[in-house]
Amino acid sequence: MEGFARALEVSKLPPGSMKTVEVGGEDVLLVNVGGKYYGIGAICKHEEWDLSEGTLEDTKVICAGHGTVWDLNTGVGEFDEPLENEPLYDVKAEGGFLYVRRRA
Ligand code: FES
């Protein structure tokens, strides 16, 4: 568990849901897609909307602001202008909690 920080109770993130949590000063969007957990930067690189206000479609999150489609596997955002990638986080469930670690 080296480098992982406790982020949220597992029970607060049922399948099909997403939630923004602050971990170590960073805003992380935690997502549960059919029991698999994903972690991505929570603040849209376009105009800083919180991605938890968006829509989850499979392993993509559509920003509520202006529709950028963020891929939870790659951190890449599809928009009509190039955007910086979102950082990705590893997420682990243990002892009823989710733990996250920023990927290098
Ligand atoms: S703030 Fe996310 S698409 Fe504009």
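I took strands as DSSP runs (E, at least two residues), numbered from the N terminus, and I counted two strands as paired if DSSP finds at least two bridges between them. The model is predicted, so local features need pLDDT of at least 70, side-chain atom pairs count only at pLDDT 80 or more, and totals for chains, interfaces and linings use all residues. Residues are numbered from 1 along each chain as its sequence is written.

I looked up W70 and found that its bridge partner in β8 is G77. Strand β7 (residues 69-71) and β8 run antiparallel and are joined by two bridges. Both belong to an open sheet of four strands in the order β5-β6-β7-β8, with antiparallel pairing. Because β5 (55-57) and β8 (77-78) each have a single partner strand, they stand at the edges, with one side left without a neighbour in the sheet.

Last, I checked I62, which lies in strand β6 (residues 60-62). I62 has 16 C-beta neighbours inside 10 Å and so counts as partly exposed, since buried requires 20 or more other C-beta atoms within 10 Å and exposed 12 or fewer, with C-beta atoms placed from the backbone. The C-alpha atoms of I62 and L51, 11 residues apart along the chain, are separated by 7.6 Å.
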